Amino acid sequence: MHRTGHEEEVRTGRPWMWTALAGVVVVGAVMWMMRPTPASCHAAVPTTRVVTLPAPTTPGSVTAQQIPVPVPTAPATPEQGEARFYAFTPGVACSLPDLPLDGYYVGVPTGEYDGSVPCGSYVDIDGPIGSVRAQIVDRCPGCGPHQYDLSRAAFEAIANSTDGVAPIRFSRVRDPNPAPELFYRVQQGSSSDWIGLLFSGSGNPIRQVDLRSDAGGDWLSLRRGYDNYWTISGAGAGPFTARITDIYGHEAQIPGLTIESGQLRYTGIRLYDFPETTPPAPVQTTPPMVVVTTVVAAPQTCKS
């Protein structure tokens, strides 16, 4: 078989074709790899946040303050005694005026009367059938130690009157509540040379009475009498201010005292007092504040 020149041409042309084909494939692969990647988009979901805040504190118009209260005192130790009753009449040793005949009163032994020191004070009495609070207004000359004369009304509150005599326990009262009102009377015959004054409504035994002229000057001490009047000589014509002090140290002043005998004068003044306690204002509760916050979704965020 004879070879021709065309066969050689065909053989030498095939490598060029393969090279071109390979080049096309490479270019296509590169272009595929370098193509733009579609964006991956995600829409953000709106979120809601709920926050509970404490209720707001609104300052009130009332400023908190410490309310004074009476200093508590130890209760008096009850004493043992014996009670009887008598026909009470207004002419009592303590000279206290205008006493109702059906009131609760006590006459104490001469030793306890002590020159009228306990006049106008109070005792709590416990008997076989009951208890009563009575005022010391009289002296019992025939009573021995721890023996007491009670008005009939007081005795019948703690025992049967048919008994005549009853065992009792009694306690001296300090600062009886409510505090009574101080009053006074100028004794008949008082003048600028000599003054007699009766004070009561103290609640407690009175320890001292002083007088001072409203025109000025020093306090002048008065002397207590057996009839419960306080006297002084040479004090002047007045008007005066009286200072009353009880055995517990309570003190009050009565201004504008004039020498006009016989008239009973109520002063509107108390030797001690109990502060009025105002009930606390109702507390208004404010519900907690709830804040709802919604976070709105931003535009779509795309990730290449």
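In which sense do strand 3 and strand 7 pair, and over how many bridges? In this predicted model, the two strands pair in the parallel sense, and 5 bridges link them.

Figure 1. The 6 strands of the barrel follow the order 3-7-4-6-5-8, and their pairing is mixed. On average, neighbouring strands of this sheet are turned by 45° against each other, direction ignored. The parallel element of this view is the pairing of strand 3 with strand 7. Tyrosine 86 has serine 151 of strand 7 as its bridge partner.

Figure 2. Strand 3, which spans residues 79–86, pairs with strand 8, residues 165–172, in the antiparallel sense over 6 bridges. Within this pairing, glutamate 82 has proline 167 in strand 8 as its bridge partner. Strand 4 (residues 105–109) and strand 7 (residues 147–151) also run antiparallel, joined by 2 bridges.

Figure 3. The 4 strands are arranged in the order 12-11-15-16, with antiparallel pairing. For strand 12, the antiparallel pairing with strand 11 (residues 206–213) comprises 2 bridges. Aspartate 210 has serine 221, in strand 12, as its bridge partner.

**Figure 4. Salt bridges at partly exposed side chains.** The structure holds 9 salt bridges, of which this view presents a selection. Glutamate 82 and arginine 84 meet through their side chains in a salt bridge of 3.1 Å, N to O. Glutamate 82 counts as partly exposed because its relative accessibility is 28%, and arginine 84 is likewise partly exposed at a relative accessible area of 28%. Arginine 133 forms a salt bridge with aspartate 124, in which the closest N and O atoms are 2.6 Å apart. Arginine 133 is partly exposed, with a relative accessible area of 37%; aspartate 124, at 26% relative accessibility, is also partly exposed.

Figure 5. The closest N and O atoms of the salt bridge between arginine 172 and glutamate 112 are 2.8 Å apart. Arginine 172 lies in strand 8 and glutamate 112 in helix 2 (residues 110–113), so this pair ties together parts that are 60 residues apart in sequence. Both side chains are partly exposed: arginine 172 has 35% relative accessibility, and glutamate 112 has a relative accessible area of 23%.

**Figure 6. Arginine 224, a buried residue without a salt bridge.** Arginine 224 lies in strand 13, residues 223–224. This residue is buried yet has no salt bridge; the nearest side chain of opposite charge, aspartate 114, is 7.3 Å away. The side chain of arginine 224 does reach the backbone oxygen of isoleucine 206, at 2.4 Å. Not counting residues up to four places away in sequence, arginine 224 touches Gly115, Ser116, Val117, Ile206, Arg207, Tyr229 and Trp230.

Technical notes:
Residues are numbered from 1 along each chain as its sequence is written. This is a predicted model: local features need pLDDT of at least 70, side-chain atom pairs count only at pLDDT 80 or more; totals for chains, interfaces and linings use all residues. Side-chain values use heavy atoms; hydrogens and water are left out. Two strands pair if DSSP finds at least two bridges between them. Axes are lines fitted to C-alpha atoms, for helices over the stretch in contact, and angles run from 0 to 180 degrees between N-to-C directions. Buried means under 20% relative accessible area, exposed over 50%, partly exposed in between (1.4 Å probe, protein chains only). Lys and Arg count as positive and Asp and Glu as negative; His and the chain ends are not counted. A salt bridge is a side-chain nitrogen of Lys or Arg within 4 Å of a carboxyl oxygen of Asp or Glu. A polar contact is a pair of N or O atoms within 3.5 Å; within protein, one must be able to donate a hydrogen and the other to accept it, and residues adjacent in sequence count only if both atoms are side-chain atoms. Contact means heavy atoms within 4.5 Å.
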